[in-house]
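Here are my notebook entries from an afternoon with one structure. Have it open beside you and follow along.

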Amino acid sequence: MKRLRDRYRALLLDLDGTLYRGHEVIEGAPEALTADGDAAQRLVYVTNNASRGPAVVAAHLADLGFPASADDVVTSAQAAARLLAERLDPGAQVLVVGTDDLAAEVDAVGLRSIRRFNGAAPAAVVQGHSPHTAWPDLAEAAYALRADALWVAANTDKTLPNERGLAPGNGAMVAALRAASEREPVVAGKPYPPLLEDALVRADSRSALVVGDRLDTDIEGANRVGLDALLVLTGVSTLDELREAPDERIPTYVCDSLEALNHAPVDPEPDTDLGEVLRRNPGRAVTVRACGSEIR
């Protein structure tokens, strides 16, 4: 039987919680992706985190042992900038709540990033994760949103996994602006389609497997665009969450680590945790299959 990875021409790989946590690589992840130097898959690194540009992300991945260049990286900042460019006139002002790398993506599509405004409100607000976002930044954005600026959020992840645990994600800051403005953003990142659509363009194939650690972003996002998905249990989501997950968050495969890519998928034994998931969720359209033999 074919290895799981051999069924697809591209792997669309999440980063935080899938390949690394903060500055710490997840054990065995680089080796799993480089186990076969002749593998035909295009590796595309797809991140909801809008805080760093593709070159910085690629350099971090390379330092951790992953084969990556800037052309292999697709970020929610890029997807957010594309959405803005599609909706605004060239040169329009966009208030940036996030890092300078997010601002650079806005400028790269022919718009003008700003941090503060006087007089007329900017045409849009774009919001991405930054550990330095403070009350004045959110207040400035709230003023713009109350003046009817377009609002694009890079993602709405409530948490961000790092080496210490789960920190507040961009979604926590989005929630503050949602409360202050009584508005809803257009979302570029997973589970919404724009980011994965950009990744498919970069992969130049729809024969792609989405790989990630979150049911609410990676897996639901894959299901929304009609792609198979692999849940790895190295980050946020757990088997307990999977047991209660709605249909749109059920993955095609679930495994303990990325090493499963180099094995053929197998159906779970009835007395395992995955067998329990299937028993409690009869009639699901998607079958959950384990890869390897580590999950019990």
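**Entry 1: ground rules.** I count two strands as paired if DSSP finds at least two bridges between them. Helices (H or I, at least four residues) and strands (E, at least two) are DSSP runs, numbered from the N terminus. I am working with a predicted model, in which local features need pLDDT of at least 70, side-chain atom pairs count only at pLDDT 80 or more, and totals for chains, interfaces and linings use all residues. Residues are numbered from 1 along each chain as its sequence is written, and side-chain values use heavy atoms, with hydrogens and water left out.

**Entry 2: strand β1.** I looked up which strands pair with β1. Strand β1 (residues 10-13) runs parallel to strand β4 (residues 42-47), joined by four bridges, and L11 has L43 in β4 as its bridge partner. Four bridges also join β1 to strand β13 (residues 208-212), again in parallel; here A10 is partnered by A208. Are the side chains of β1 buried or exposed? A10 and L12 on one side, and L11 and L13 on the other, are all buried (under 20% relative accessible area; exposed is over 50%, partly exposed in between; 1.4 Å probe, protein chains only). I noted a rule beside this: in a regular strand the side chains alternate between the two faces of the sheet.

**Entry 3: the five-stranded sheet.** I traced an open sheet in the order β7-β6-β8-β9-β12, with parallel pairing. β7 (112-114) and β12 (186-187) each have a single partner strand, so one side of each has no neighbour in the sheet. β6 (residues 93-97) and β7 pair over three parallel bridges, and V94 stands opposite S113 in β7.

Entry 4: At what angle do α3 and α7 pack? I found about 105° between helix α3 (residues 76-87) and helix α7 (residues 193-203), with their axes 9 Å apart. Axes are lines fitted to C-alpha atoms, for helices over the stretch in contact, and angles run from 0 to 180 degrees between N-to-C directions. The two helices are therefore roughly perpendicular (65 to 115 degrees; under 35 is roughly parallel, over 145 roughly antiparallel, the rest oblique). S76, Q78, A79, R82 and L83 in α3 meet P194, L195, E197, D198 and R202 in α7, where contact means heavy atoms within 4.5 Å. I also saw R82, E86, R87 and D198 linked in a network of salt bridges.

**Entry 5: salt bridges.** A salt bridge is a side-chain nitrogen of Lys or Arg within 4 Å of a carboxyl oxygen of Asp or Glu. How many does the structure hold? I have 15 in my notes. One joins D218 and K190, with the closest N and O atoms 2.7 Å apart. D218 sits in helix α8 (residues 215-224) and K190 in the loop between β12 and α7, so parts 28 residues apart in sequence are tied together. D218 is buried at 1% relative accessible area, and K190 is buried at 2%. Another bridge joins D100 and R115 (3.0 Å, N to O); D100 is exposed at 60%, while R115 is partly exposed at 31%.

**Entry 6: a loop histidine.** H129 lies in the loop between β8 (124-127) and α5 (135-146). Its relative accessibility is 15%, so H129 counts as buried. Beyond its neighbours within four places in sequence, H129 is in contact with N49, S51, T99, L160, P168 and N170.
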